[in-house]
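Here is a tour of a protein model, written for someone new to reading structures. Have the sequence and the 3D view open, and follow along from the rings to the sheet and its helices.

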Amino acid sequence: MKRAPVFLSLVALIIMALPVLVMPFVRAQPQRGDQPEAPMPRLIGKDGQINGKLAQDFDSWLLGQLGFKSQLVCLNALVNYKLFRTSTNDDVIVGRDGMLFYRETVDDYSGASALKTGELSAIQKNIARLAQSLEARGARLYVAIVPNKSSVYPDRMPISYERRLDGGNIDRVNEALRAAGARVIDLLPVLKAASQDERTYHLTDTHWNDVGAHAAAEAILSEMGKPCVAPTVRRDALYSGDLARMLGLEGVLNEQTTRLVQESPTDGPGPDYSARNLLVPGDGEGALLLLRDSFGSGIAPFITPAYETSRLRWEDPFEATQPADDVLIAIAERNIRLYLAQGITCIAPPVALDLSDAKALDLCAVTAHEDSGCVSVELELDGVCGIADAYISMGGQIYWAAEMPDYEGGDNPQRYQALLPLDEVDLQAPVRAIALGANGAAFVSGCQWTLDEWVSPDWETEGDDEDDFETLQQLRRQLSAGGDADGI
């Protein structure tokens with residue numbers, strides 16, 4: 001009986017020493033996201049002095065040399081997940097029935113990250129400006145906030161996390177967006193209803209699966225008055241998502257998922273919907289501009305067939321300057337602040353203002369430059385306490401200017417930008433700056449400028465604003481030939 005503890009201690013010692021003993025024969029494989037392998041520690045540094053960090057450098061080097069390191073890390077994560085239902089990564093939460101959640105969404109779930117009044121006002125102003133801009137150009141604006149996984153599956157969250165009692169940021173934003181003139185599509189009830197029949201979000205990923213994305217696409221296209229083509233193929237597949245990867249279990253922790261696939265008219269690969277800027281042809285009518293994050297990329301295969309052309313953009317701030325019949329903003333609940341509260345770039349909408357009692361605005365400056373086929377008129381305003389909005393007047397019309405971010409901070413003059421299509425601008429027309437104070441008082445600059453001080457009428461459009469028709473024809477030719485159309 002006395003030999004048993006000694007034997008067990010010996011076994012434990014061998015197991016702990018095994019990674020060191022096999023170092024000469026088995027090199028550690030780096031984990032995804034690991035730092036580069038530390039170099040061999042040196043007693044004397046390059047400066048000829050004794051290395052004061054020798055012990056620390058040795059620890060870093062030894063950790064990179066241990067045999068079976070990646071396998072042991074993976075095994076540790078797998079044991080914690082399977083046996084103890086805990087996570088080895090602070091950013092990943094293990095919920096009920098093994099469903100993984102992203103910790104970044106916990107504040108939305110509990111209500112701790114409720115949007116403030118100022119943030120809601122900024123969102124409403126951004127969307128109101130965008131809606132007016134699009135309406136003036138004959139387009140319609142739709143917004144669909146994609147719920148976090150924890151909002152659709154609150155019953156799968158660990159009971160240790162307190163759940164908010166109200167509708168959260170989605171309800172607050174949807175109300176503000178409706179007031180701003182956007183057509184709001186509430187996806188939360190749609191996804192909850194679809195979840196009664198099939199799982200709509202991945203177990204091992206932050207995102208929805210094809211079932212959830214298709215259910216959302218049906219609701220969105222129904223609101224747009226467009227048909228949603230049913231997938232022609234359903235395939236069962238194994239999947240290992242981003243949360244599994246964060247645990248170091250990519251390819252080890254797998255789930256069974258359903259792929260919904262549209263049969264391609266060619267044998268060539270389809271578009272890469274994760275591209276930052278992509279033009280996709282479809283079988284419907286009209287042009288769509290889809291401003292999205294990764295969730296928007298998930299619905300793109302089901303949305304784009306309903307239009308003749310679809311332009312997909314994924315950037316911050318959102319850019320909505322190109323012509324379109326419909327503009328759809330599709331972003332995740334957790335990204336509301338990132339995208340909607342930071343400003344949206346659009347053609348300056350015309351507005352009507354009463355300037356009969358306007359006062360002089362002396363402390364201002366106006367400059368202009370070309371910006372992807374548009375004239376960017378920029379204002380620097382000072383001397384007005386609490387500017388609520390800024391505008392420019394040009395050629396008898398007043399245009400709404402968007403506030404530009406202040407990256408330097410401090411007491412810098414407030415800067416605003418009005419984007420106007422170059423081919424619609426009279427470069428000789430006098431330009432004035434206008435500011436509205438928080439109390440409603442109007443201020444108009446005593447000076448006036450003309451854009452030909454900065455702008456040349458011979459500007460050419462550069463960058464990715466090439467002729468969409470020619471690009472579409474090129475894409476169709478490549479698809480017909482079975483070529484690779486990714487990235488166009």
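There are 5 aromatic pairs in this structure. Rings of Phe, Tyr and Trp (its six-membered ring) count as a pair if their centres lie within 6.5 Å; planes under 30 degrees apart are stacked, over 60 edge-to-face, and the rest tilted. Two of the pairs are set out here.

| Pair | Centre to centre | Between the planes | Type |
|---|---|---|---|
| Tyr201 and Phe295 | 6.4 Å | 50° | tilted |
| Tyr391 and Trp400 | 6.4 Å | 25° | stacked |

Tyr201 sits in the loop between α8 (188-194) and α9 (210-224), while Phe295 is in helix α11 (residues 294-303), so this pair joins distant parts of the chain, 94 residues apart. Helices (H or I, at least four residues) and strands (E, at least two) are DSSP runs, numbered from the N terminus. Both Tyr201 and Phe295 are buried, and so are Tyr391 and Trp400. Buried here means under 20% relative accessible area, with exposed over 50% and partly exposed in between (1.4 Å probe, protein chains only).

This is a predicted model: local features need pLDDT of at least 70 and side-chain atom pairs pLDDT 80 or more, whereas totals for chains, interfaces and linings use all residues. Residues are numbered from 1 along each chain as its sequence is written, and side-chain values use heavy atoms, leaving out hydrogens and water.

Tyr201 and Phe295 also belong to one aromatic cluster with Tyr153 and Trp208.

Strands pair if DSSP finds at least two bridges between them. Strand β3 (residues 140-146) pairs with β4 in the parallel sense over 2 bridges, and Val143 stands opposite Val184 in β4.

Finally, look at helix α7 (residues 168-179): its 12 residues reach 18 Å from first C-alpha to last, close to the 16 Å expected at 1.5 Å a residue. That expected span is 1.5 Å times one less than the number of residues. Its buried residues include Ile170, Val173 and Leu177. Just after α7, Gly181 takes a positive phi of about 100°.
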